[in-house]
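Please have a look at the sequence and the fold before I go on.

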Amino acid sequence: MSELTTISCGSVKATIDSMGAQLMSLSRDGGEYLWQGEESIWPRRAPVLFPIVGVLRDNRATSAQGEVTLQRHGIARLYDHAIVCRTESSVTYELSSTEETRSAYPYDFRLNMSYAVAGGALTQTFRVTNTGDVTLPFTVGGHPAFNVPAPGCEGESFGDYALEFDEPWTARVPRIDEAGLHDFSNMTELFSDSDRYQLSHDVFEKMLTLVFPDVPGRRVRLVGPSGHGVEVAFDGFDYLGVWTASADAPFVAVEPWVGCATAYDESDVFEEKRGMVFLEPGETYEASFSMRPL
């Protein structure tokens, strides 16, 4: 059964649901920074992406262990995760492979999702262990969506918000079709030699999702004119997805990814997807990103 757990440290508080090990609330001084879900726009808040990010072509791929049949973003978000450790400021969940998961993803694994509040930020950690006897291929990603405008800044609008980066750079992003497949042979230059990109609903209507490879410093700030918003630091994640649901959706998802959706230039062999992580039996992989309310 789904169970909510609230953790806190100082002025920052987070609530996580065992269903999907999904972050449900991120607040500072009582102000809610995380999108709270709305059925008519987008009902989720921050799903865990495993063992794929994005989509497979026609939701299928072949692998060394047989056919993989996964819907968008995989299976972790679909199951209740057991709580294995809980303190005032942290909680750790566990999801292990079952006969049901193996029917879609024919591998044995243990996924531990941890959340910890410290130093004014929430850190989300993926820990994947290969519990089988063959090489385990997978990717992971986060999908937290943040309120725009930020709490206390209700006079600001979506178009007032920008992505701010650690240094000037030139950002080129792949075209994405309606099925969610990426075309890395058709790149669009969003900005050149700048550390700031102003957001608009128009760009999402044209591009659907902005997929940034190799963000400098692996850090971005989603902020409005007041300077309020959120900073996401994602060392170890080579892609950053930025998305919103519709022309009037009052949120922006800032998504650190280890891999990305199937691309036009890829085969339908699961192991050949961009960013794939490979674990040998008994090995464990770990990656973390942090969210700091500003």
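How many bridges join strand β18 to strand β19, and do these strands run parallel or antiparallel? In this predicted model, β18, which covers residues 239-243, is joined to β19, residues 251-257, by five bridges, and the two strands run antiparallel. Within β19, the residue standing opposite tyrosine 239 is tryptophan 257.

These two strands belong to an open sheet of four strands, paired antiparallel in the order β12-β19-β18-β15. Because β12 (145-147) and β15 (209-213) each have a single partner strand, they stand at the edges, and one side of each is left without a neighbour in the sheet. From one strand to the next, the twist averages 20 degrees.

Let me turn to β16, residues 219-223, which is mostly covered, with four of its five residues buried. β16 is joined to β13 (residues 162-176) by four bridges in an antiparallel arrangement, and here glutamate 164 has arginine 221 of β16 as its bridge partner. β16 also pairs with β17, residues 229-233, over five bridges, again in the antiparallel sense, with leucine 222 partnered by valine 230 in β17. The hairpin of β16 and β17 has five residues between the strands, and glycine 227 takes a positive phi near 90 degrees there.

Finally, the cysteines: a search of the whole structure finds zero disulfides. For cysteine 85, the closest cysteine sulfur is that of cysteine 9, and at 16 Å it is too far for a bond. Cysteine 85 counts as partly exposed because its relative accessibility is 39%, whereas cysteine 153, at 6%, counts as buried.

Notes: Residues numbered from 1 in each chain as written. Predicted model: local features only at pLDDT ≥ 70, side-chain atom pairs only at ≥ 80, totals over all residues. Heavy atoms only, no water. Pairing = 2+ DSSP bridges. Axes fitted to C-alpha atoms, helices over the stretch in contact; angles between N-to-C directions. Disulfide = S-S within 2.5 Å. Buried < 20%, exposed > 50% of the residue type's maximum accessible area, 1.4 Å probe, protein only.
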